[in-house]
Amino acid sequence: MKYKVLHIFSSKTIGGAEKMTLFLAENLQKSGIVENIMGVRKGTYMYEQALEKKLETVNFRAGGSFDPVGIFNLIKIIKKYKVNIVHAGQGKLFWQAVIAKVFCPKLKVVFHRRQDTRHGFFGRFHYKFVDGVITVSKAVANGLIKYEKVPADKINVVYNGVNFEKFKTNTDYSDITKKYNLGGKKVVGTVGAIVDFKGKGQIYLIEAAKMLRNDYPDLRYLIVGAGNGIEAQKEYAKKMAVDDIVYFTGYQENVQKYALAMDIFCLLSWDTEGMPNVVIEAQSLEKPVIVTNIGGNPESFEDGKTGLLIKPSNAAETAEAIKKLINNPEIAKSFASAGKEFVEKRFSIEQMVAGVVSVYDKIMTEQK
């Protein structure tokens, strides 16, 4: 093994960042270049999954940026496993990682930024001490340079890789068609957490459903995902009088089957988006996509070739994009075919691993 890398993530939830951290570590391990240690909270999804993937796993939890117990435990783990690089995937752990460098002078630290969000001065200062920053999109990188004042030479854009072998277009989804009575219907859908009323913009799909109802009576809508805002969204669908054609599936582990049941996939993010894996996955399943112009969304597909780019928070544009694809099946078919080719070229596991290893190589050879 060339490098010993400690991935730290003190989350109790099951989200995209958690899954991608595990996926990255698993594939770095397979490369034979990196020996991974997973510093994650015992009893959580990440801890159990790390063990299942046969990754070296150690209990690590942190209460906040300057939690002394967390920092002490981190230093203890680094010294025990003779760690070369700490790869921090969670913002609240960035300070802990760079503080550990004071006690472990040869240690290198990488931050992994997955969201295009703003921080105050206090939350930006740690970039002075980090060795390298990985971002999941150019949009996130540009935000760090412009707003967080991170030196451009510290930032490296590495797109998430996708295991395209998992996404099979011949997967049977007849149970979903039967459950929601979708036979003979055109289906528009979206996948995403519903953390609040707006969620990932599902409310704009609900509004679009109302706009299209009279002219397209056979259209149906699948909203896949869960969260604190789901009941409010269900009530909104009732208020819009579309609750009989908009179906909330709740959280689904096997999202692929639900995406296959869709004729058109939408991601209507309205505030921020680092790099939307669901858009990449939908294209791998040969679905034309409708995506808002937010964060890294435009980098996940090709506007006018694999899907349509629309303004955020705009139900009218959402409805028009759906109409265009429904009224022009040849365009939808062309988008679907081109989308699969596009994502398989740009978002491979091999490219992700090579990109991350190149960052490790760079920081390990730099002289301080």
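Strand S8, helix H8 and strand S9 form a β-α-β unit that is right-handed: with the strands pointing away from the viewer, the path from the first strand over the helix to the second runs clockwise. Helices (H or I, at least four residues) and strands (E, at least two) are DSSP runs, numbered from the N terminus. S9, H9 and S10 make a right-handed β-α-β unit as well.

Before the details, a word on the source. This is a predicted model, where local features need pLDDT of at least 70, side-chain atom pairs count only at pLDDT 80 or more, and totals for chains, interfaces and linings use all residues. Residues are numbered from 1 along each chain as its sequence is written, and side-chain values use heavy atoms, with hydrogens and water left out.

Now the pairing. Two strands pair if DSSP finds at least two bridges between them. S8, residues 186–191, runs parallel to S9 and is joined to it by six bridges. S9 is also parallel to S10, over four bridges.

Which order do the strands of the open sheet have? It is S10-S9-S8-S11-S12-S13, six strands with parallel pairing. S10 and S13 (307–310) are the edge strands, each pairing on one side only. On average, neighbouring strands are turned by 20 degrees against each other, direction ignored. H8 packs on this sheet and touches S8, S9, S10 and S11, and its direction makes about 170 degrees with that of S9. Axes here are lines fitted to C-alpha atoms, for helices over the stretch in contact, and angles run from 0 to 180 degrees between N-to-C directions.

Back to S9. Is it enclosed or open? Six of its six residues are buried, so S9 is largely enclosed by the rest of the structure. Buried means under 20% relative accessible area, exposed over 50%, and partly exposed in between (1.4 Å probe, protein chains only). Leu219, Tyr221 and Ile223 lie on one side, and Arg220, Leu222 and Val224 on the other.

Last, helix H9, residues 230–239. Its buried residues include Ile230, Gln233, Tyr236 and Ala237. They cover an arc of only 115 degrees around the axis, which puts them on the same side of H9; the arc is that of the directions from the helix axis to the C-beta atoms. The buried residues of H9 pack against H8, S9 and S10, where contact means heavy atoms within 4.5 Å. After H9 comes Ala241, with a positive phi near 60 degrees.
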